[in-house]
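Please keep the structure in view while reading.

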Protein chains: 4
Amino acid sequence: MRLSMKNDTKAKAQKRLARIEGQVRGVSRMIEEDRYCVDVVRQIQAIRAALGSLEKLALDDHLETCVDAALSSDDIRNRKAMVEELVQIFGGRK
Amino acid sequence: MRLSMKNDTKAKAQKRLARIEGQVRGVSRMIEEDRYCVDVVRQIQAIRAALGSLEKLALDDHLETCVDAALSSDDIRNRKAMVEELVQIFGGRK
Amino acid sequence: MRLSMKNDTKAKAQKRLARIEGQVRGVSRMIEEDRYCVDVVRQIQAIRAALGSLEKLALDDHLETCVDAALSSDDIRNRKAMVEELVQIFGGRK
Amino acid sequence: MRLSMKNDTKAKAQKRLARIEGQVRGVSRMIEEDRYCVDVVRQIQAIRAALGSLEKLALDDHLETCVDAALSSDDIRNRKAMVEELVQIFGGRK
């Protein structure tokens with residue numbers, strides 16, 4: 001049931017990742033230029049928020065593809081394994 | 001009181017940022033290669049955790065430099081402004 | 001699939017709830033006695049942590065009873081509805 | 001600088017605590033009556049949110065009373081001790 005991401009999710013995710021990569025480099029520049037540490041902290045918080053919303057995008061896609069397929073499976077072990085994994089990654093959310 | 005980061009904090013932060021940038025590019029590659037979405041989610045969670053600990057590093061440095069200096073200031077307005085700002089950025093933490 | 005909690009989970013949960021109720025009353029007393037606000041805040045944080053762990057207890061029981069039963073169901077709609085609900089309550093976790 | 005809470009904050013806090021105590025007893029009743037565990041989980045989440053907002057109320061009062069007074073103190077040690085404590089309790093927030 002390890003399906004891949006939907007194409008439009010992939011495109012969205014790649015766009016966001018490119019933006020996040022730029023933001024990470026931006027923080028590095030801010031530190032190099034001795035920018036005020038509070039502005040650095042705020043920028044790090046913004047990146048974390050962006051990653052949080054990317055995580056949600058990936059999770060939603062996972063629910064609509066792999067989880068949905070696993071739940072349709074006739075093999076009860078597939079269904080249970082998928083839900084167990086789901087619970088695990090939700091546990092890793094903040 | 002807008003002092004810059006201590007040199008060893010800067011060095012540490014830059015090292016971590018370089019690593020985080022690599023991790024972000026890694027996620028992009030994982031998506032391109034159609035890797036299992038749960039692994040993508042886990043990797044995003046790891047990056048968020050790394051950013052969280054970088055944020056803590058920057059905050060601790062800020063406390064030891066700018067906040068400490070502001071609290072030594074004779075101008076009560078400096079002291080209050082610094083603490084207000086501190087409360088604000090703590091509010092942005094998760 | 002709306003099974004009830006296992007008996008030992010119920011007993012554990014009731015014990016914890018009694019303790020939490022006492023803690024809530026304790027905070028009320030602290031405020032009445034003009035106790036230092038930082039101690040009040042810390043006590044509130046302790047209660048939230050206790051509720052967080054009670055929530056985990058209830059969720060784990062739910063996974064072992066209702067979710068497990070739903071996943072064994074032959075009706076795919078039951079399976080999907082249960083997982084949807086699960087995702088919803090995980091979304092409410094902090 | 002260990003001032004007590006402002007009177008209107010106290011009144012507000014007591015009112016909320018009475019409500020929270022009722023909610024905690026409500027969860028106990030729900031479990032006794034074998035109510036659906038998802039509803040139990042949701043109710044626990046609601047109580048945690050109520051406590052989170054009570055914590056914010058207490059913190060805001062603390063900032064306006066004790067922290068404000070400490071920052072006006074001529075003794076730099078008072079000022080630093082108060083901010084250290086503040087950072088500590090913010091660290092305990094979720």
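With which residue does C:Asp68 form a salt bridge? The partner is A:Lys80, and the closest N and O atoms of the pair are 3.0 Å apart. The model is predicted, and local features are given where pLDDT is at least 70.

That pair belongs to the contact of chain A with chain C. Across this interface there are two salt bridges, and six residue pairs are in polar contact. On the chain A side, helix H2 (37-72) and helix H3 (76-91) are the elements that give two or more residues. The largest share, seven residues, comes from H3(A). By class, the side of chain A that touches chain C holds eight nonpolar, two polar and three charged residues. Chain A and chain C each put 13 residues into the contact. Together they bury about 1,200 Å², with 72% of that area on carbon and sulfur atoms.

One residue of chain C deserves a separate look. C:Arg79 sits in helix H3 (residues 76-91) of chain C. C:Arg79 is buried but has no salt bridge. Its nearest side chain of opposite charge is that of C:Asp74, 5.2 Å away, whereas a salt bridge needs the nitrogen within 4 Å of the carboxyl oxygen. Leaving aside residues up to four places away in sequence, C:Arg79 touches residues of chain A, namely A:Leu71, A:Ser72, A:Ser73 and A:Arg79, and also C:Ala70, C:Leu71, C:Ser73 and C:Asp74.

Next comes the contact of chain A with chain B. Here 43 residues of chain A meet 43 residues of chain B. The two chains bury about 4,000 Å² between them, 65% of it on carbon and sulfur atoms. Within chain A, the residues that lose the most area to chain B are A:Ile31, A:Tyr36 and A:Arg48, which together account for 18% of what that side buries.

How many salt bridges are counted between chain A and chain B? There are six. One of the salt bridges joins A:Glu55 to B:Arg48, with the closest N and O atoms 3.1 Å apart. Helix H1 (7-32), H2 and H3 of chain A each supply at least two residues of the side that touches chain B, and H2(A) provides the largest share, 18 residues. That side has 22 nonpolar, eight polar and 13 charged residues.

Other chain pairs do not touch. Between chain B and chain C there is no contact, and their closest C-alpha atoms lie 9 Å apart. Chain A and chain D also have no contact, with nearest C-alpha atoms 9 Å apart.

Over all chains the count is 36 salt bridges. B:Asp68 forms one with D:Lys80, the closest N and O atoms being 3.1 Å apart. B:Asp68 lies in helix H2 of chain B and D:Lys80 in helix H3 (residues 76-91) of chain D, so this pair joins two chains. B:Asp68 is partly exposed, at 30% relative accessible area, and D:Lys80 is partly exposed at 25%. A network made of salt bridges that share partners links A:Glu21, A:Arg25, B:Glu21 and B:Arg25.

Some salt bridges stay within one chain. B:Asp60 and B:Lys56 meet at 2.6 Å, N to O; these residues are four apart in helix H2 (residues 37-72) of chain B, so about one helical turn separates them. In chain A, A:Asp75 pairs with A:Arg77 at 3.0 Å between the closest N and O atoms. A:Asp75 is partly exposed at 25% relative accessibility, while A:Arg77 is exposed at 63%.

How values were computed
Residues are numbered from 1 along each chain as its sequence is written. Chains are lettered from A and ligands numbered from 1 in the order in which they are written. This is a predicted model: local features need pLDDT of at least 70, side-chain atom pairs count only at pLDDT 80 or more; totals for chains, interfaces and linings use all residues. Side-chain values use heavy atoms; hydrogens and water are left out. Contact means heavy atoms within 4.5 Å. Buried area is the accessible area (1.4 Å probe) that two parts lose on being put together, summed over both. A polar contact is a pair of N or O atoms within 3.5 Å; within protein, one must be able to donate a hydrogen and the other to accept it, and residues adjacent in sequence count only if both atoms are side-chain atoms. Ala, Val, Leu, Ile, Met, Phe, Trp, Tyr, Cys and Pro count as nonpolar, Asp, Glu, Lys and Arg as charged, and the others, Gly among them, as polar. Buried means under 20% relative accessible area, exposed over 50%, partly exposed in between (1.4 Å probe, protein chains only). Lys and Arg count as positive and Asp and Glu as negative; His and the chain ends are not counted.
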